[in-house]
Amino acid sequence: MGTGKKKIEIKKKEKESDRMVTFSKRRRGLFKKAHELHTKTGAEVAILVFSPAGNPYSHGEPSFDATVD
């Protein structure tokens with residue numbers, strides 16, 4: 001019998017450096033998925049994400065400002 005995907009417990013990372021690394025990786029993955037959605041469907045996508053430190057990061061297809069307007 002195959003192992004398949006295992007469900008993992010989602011919990012907050014205790015070390016701040018670990019949280020920042022996780023945030024950066026997940027942010028890149030989220031932006032990549034938004035780009036794929038735009039490419040495959042032509043949808044206009046805008047994402048605004050704030051880091052744990054409070055810094056804003058935005059991504060938009062075709063552009064963040066044009067999509068929000």
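Trainee: Is Ala-34 buried or exposed, and how do I read that?

Mentor: Start with the relative accessible area and compare it with the cut-off: buried means under 20%. In this predicted model, Ala-34 has a relative accessible area of 5%, so Ala-34 is buried. The residue lies in helix α1, which spans residues 16-41.

Trainee: Which residues is Ala-34 in contact with, leaving aside its neighbours within four places in sequence?

Mentor: There are Val-45 and Ile-47, and also His-59 and Glu-61. Take His-59 as an example: 25 residues separate it from Ala-34 in sequence, yet the two C-alpha atoms are 8.2 Å apart in space.

Trainee: Let me try a strand. Where does Leu-48 lie?

Mentor: Leu-48 is in strand β1, residues 45-50.

Trainee: Now the peptide bonds. What is the form of the bond from Glu-61 to Pro-62?

Mentor: As a general idea, most peptide bonds are trans. Here, the bond from Glu-61 to Pro-62 is cis, with omega near 5°. Pro-62 sits in the loop between β2 (56-61) and α2.

Trainee: Moving on to α2, where is Thr-67 placed, and is it buried or exposed?

Mentor: Thr-67 belongs to helix α2, residues 64-68. Its relative accessible area is 18%, so Thr-67 is buried.

Trainee: What does the side chain of Thr-67 reach?

Mentor: The side chain reaches the backbone oxygen of Ser-63, at 2.8 Å. Beyond four places in sequence, Thr-67 also touches Glu-44, Val-45, Ala-46, Glu-61 and Pro-62. Glu-44 is 23 residues from Thr-67 along the chain, and their C-alpha atoms are separated by 6.2 Å.

Trainee: What about Asp-69: buried or exposed?

Mentor: Asp-69 lies in the segment after α2. Its relative accessibility is 82%, so Asp-69 counts as exposed. Ser-58 is 11 residues from Asp-69 along the chain, and 14 Å lies between their C-alpha atoms.

Trainee: How should I read pockets, and what volume does the largest pocket have?

Mentor: The general idea is simple: rolling a probe the size of a water molecule over the atoms shows where empty space is left. In this model, the largest pocket has a volume of about 330 Å³.

Trainee: Which residues line the largest pocket?

Mentor: The lining includes Ile-8, Glu-9, Ile-10, Lys-11, Lys-12 and Lys-13, as well as Arg-19, Thr-22, Phe-23, Arg-26 and Pro-52. Sorted by class, the lining has 6 charged, 4 nonpolar and 1 polar residues.

Trainee: One last item, the annotation. Which residues does the UniProt "domain: MADS-box" annotation cover?

Mentor: According to the unreviewed UniProt entry, that annotation covers residues 3-63. In the model, this span is 43% helix and 20% strand, and its end C-alpha atoms lie 41 Å apart.

Definitions and conventions: Residues are numbered from 1 along each chain as its sequence is written. This is a predicted model: local features need pLDDT of at least 70, side-chain atom pairs count only at pLDDT 80 or more; totals for chains, interfaces and linings use all residues. Side-chain values use heavy atoms; hydrogens and water are left out. Helices (H or I, at least four residues) and strands (E, at least two) are DSSP runs, numbered from the N terminus. Buried means under 20% relative accessible area, exposed over 50%, partly exposed in between (1.4 Å probe, protein chains only). A polar contact is a pair of N or O atoms within 3.5 Å; within protein, one must be able to donate a hydrogen and the other to accept it, and residues adjacent in sequence count only if both atoms are side-chain atoms. Contact means heavy atoms within 4.5 Å. On a 1 Å grid over the protein atoms alone, a cavity is a set of points where a 1.4 Å probe fits but cannot get out, and a pocket is an open set with protein on both sides within 12 Å along at least five of seven lines; lining residues have an atom within 4 Å of a point. Grid points are joined across faces, edges and corners, and a volume is the space filled by probe spheres set on the points. Ala, Val, Leu, Ile, Met, Phe, Trp, Tyr, Cys and Pro count as nonpolar, Asp, Glu, Lys and Arg as charged, and the others, Gly among them, as polar. UniProt positions are given in the numbering used here, feature names are shortened, and annotations may be inferred rather than shown by experiment.
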